[in-house]
Amino acid sequence: MNPSGTIFAPITGRGGAVTVVRLSGADALAIAARMTKLPAARRASLRSLRLESVVLDHAVVTVFAAPNSFTGEDCAELSIHGGRAVLAAVSDALVALGARPAEPGEFSRRAFLNGRLDLLQAEATADLIAAETEAQRRLAIDGADALQTACARWRESLRQIMARQEALIDFPDEDLPPDVDAALQRDVAALHLEMRDILASAPSAARLREGLEFVILGPPNAGKSTLLNALAGADIAIVSEIPGTTRDAVGARVDLGGVPVHITDTAGLRETADVIEAEGVRRARARGAKADLIIAVAAAPEPEFPATPPGVEVVHVITKSDLFERAPLGFLHVSAATGAGMSALLRQLAMLAARLTETSGAAALARPRQVACVRETAEALANAMRAQEPELRGEELRIAAASLGRLTGAIGVEEILDAVFSGFCIGK
Ligand SMILES: Nc1nc2c(ncn2[C@@H]2O[C@H](COP(=O)(O)OP(=O)(O)O)[C@@H](O)[C@H]2O)c(=O)[nH]1
Ligand SMILES: [Mg+2]
């Protein structure tokens with residue numbers, strides 16, 4: 001594969017009336033010019049696309065000359081008609097003229113290498129495209145913006161700290177103001193504290209980016225599968241009066257107040273001689289132990305809630321409330337049969353989902369790569385605070401700056417590029 005060849009891919013989703021195909025690279029304009037007469041840069045114009053004398057489609061063609069394009073290279077965008085046959089014909093023609101299909105994330109990778117966007121911006125764009133809910137959209141826009149701003153501030157602050165540190169090393173006997181050292185220590189400590197704070201909220205941001213996992217646990221026949229179907233608003237799990245019906249964990253993705261939550265229904269917890277059901281019970285417990293929240297259910301009027309693993313948040317819900325006049329106080333009551341209590345339960349679950357993903361509007365580290373960079377920076381700053389020798393402290397500060405540089409991709413990143421961009425979709 002030629003890493004600098006001319007590449008193309010559809011950059012719009014499938015199924016629409018129009019598909020935009022982007023062509024990017026040194027030969028992009030020459031290749032496009034063999035298909036049609038090119039309009040002036042940035043002037044969208046209707047053209048017939050041809051290969052030799054065969055008309056492939058009538059398309060709107062836009063040309064972006066380097067460096068003023070998404071990738072920073074010469075680009076042509078062909079807004080062709082949607083549909084397999086048109087895309088296939090245009091793709092074949094582009095290959096015949098010397099272009100090749102883009103790899104996943106290859107446009108963004110080129111944009112990064114040409115300085116059009118940094119790694120944080122690239123990751124935020126990928127997260128924005130992948131966002132399924134409102135809270136995820138806000139995380140990808142606001143959280144990433146705030147991180148960008150914070151990162152620029154940290155780098156500037158570290159740059160100034162390092163300059164003063166160098167002065168302390170180079171001119172130890174000169175007349176530096178007496179409080180330079182103390183002020184420097186204070187600034188390192190302040191920077192360290194800020195990073196510790198953002199690291200503390202990183203798990204919430206990661207949960208929001210990936211979605212939460214809620215697991216319904218309870219005895220057989222308590223109405224767990226019915227509850228999943230009611231929460232999902234769809235007929236997903238098999239409901240029956242026969243205890244032990246659910247064996248495999250079955251799940252649904254639900255939008256709870258803007259937070260994506262995967263809710264899993266499980267086999268009823270009981271001792272059983274049936275080996276398949278027993279395996280289901282084992283899996284139910286294992287799912288519960290890994291969940292962000294357990295919805296522990298038991299049927300009225302004498303609910304026996306299942307034991308739940310320590311450290312996992314639990315909501316207790318009494319089911320089948322329609323069957324009894326008075327269910328015990330102090331719990332949420334629902335009846336999937338009448339719908340009673342369902343909106344209160346949904347409100348409660350949405351409130352807990354919001355709490356589990358709360359990032360307080362500040363900068364958010366949603367990806368493990370970002371967390372690792374900031375953690376390494378914070379560790380180096382902590383080492384710098386402990387260092388007795390100025391040279392040692394200078395060395396730790398350099399390590400901190402390098403880790404921080406990796407966050408945006410400003411410093412030696414060749415080895416992480418594949419990891420970042422291969423997670424993108426084709427056309428991004
Ligand atoms: N009356 C009433 N019956 C219910 C309710 N929820 C579930 N059931 C019934 O209870 C039985 C067991 O339900 P199911 O969801 O399969 O329970 P699971 O074993 O916990 O998954 C089925 O016959 C359901 O129709 C409810 O809210 N009210
Ligand atoms: Mg069930």
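Is Cys 373 buried or exposed? Select Cys 373 to begin: this residue is buried, with a relative accessible area of 6%. Keep in mind throughout that the model is predicted.

**Stop 1: the cysteines**

Stay on Cys 373 and show its sulfur. The closest cysteine sulfur belongs to Cys 151, 9.0 Å away, which is too far for a bond. A search of the whole structure finds zero disulfides. Now jump to Cys 75. Cys 75 is buried, with a relative accessible area of 1%.

**Stop 2: helix 11**

Colour its buried residues. Among them are Arg 369, Gln 370, Val 371, Cys 373 and Val 374. Further along, Thr 377, Ala 378, Ala 380, Leu 381, Ala 382 and Ala 384 are buried too. An α-helix has 3.6 residues a turn, so residues three or four places apart point the same way.

**Stop 3: helix 12**

Select residues 390-408 next. Helix 12 has 19 residues and reaches 28 Å from its first C-alpha to its last, close to the 27 Å expected. Its buried residues include Arg 393, Gly 394, Glu 396, Leu 397 and Ala 400. Ser 403, Leu 404, Gly 405, Leu 407 and Thr 408 are also buried.

**Stop 4: the magnesium ion**

Select ligand 2, the magnesium ion. Which residues coordinate it? Show Ser 225 (OG) and Thr 246 (OG1), both at 2.1 Å. This pair links distant parts of the chain, 21 residues apart. Ser 225 lies in helix 8 (residues 224-232), whereas Thr 246 sits in the loop between helix 8 and strand 8 (250-256). Both Ser 225 and Thr 246 are buried.

**Stop 5: the hairpin**

Pick Val 250 and look across: its bridge partner in strand 9 is Asp 265. Finish at the turn. The hairpin has two residues between its strands, and Gly 257 takes a positive phi near 55°.

Technical notes:
Residues numbered from 1 in each chain as written. Chains lettered and ligands numbered in written order. Predicted model: local features only at pLDDT ≥ 70, side-chain atom pairs only at ≥ 80, totals over all residues. Heavy atoms only, no water. Donors = N, O, S within 2.8 Å, 3.2 Å for Na, K, Ca; no water. Helix = DSSP H or I, 4+ residues; strand = E, 2+ residues; numbered from the N terminus. Buried < 20%, exposed > 50% of the residue type's maximum accessible area, 1.4 Å probe, protein only. Pairing = 2+ DSSP bridges. Expected span 1.5 Å × (residues − 1). Disulfide = S-S within 2.5 Å.
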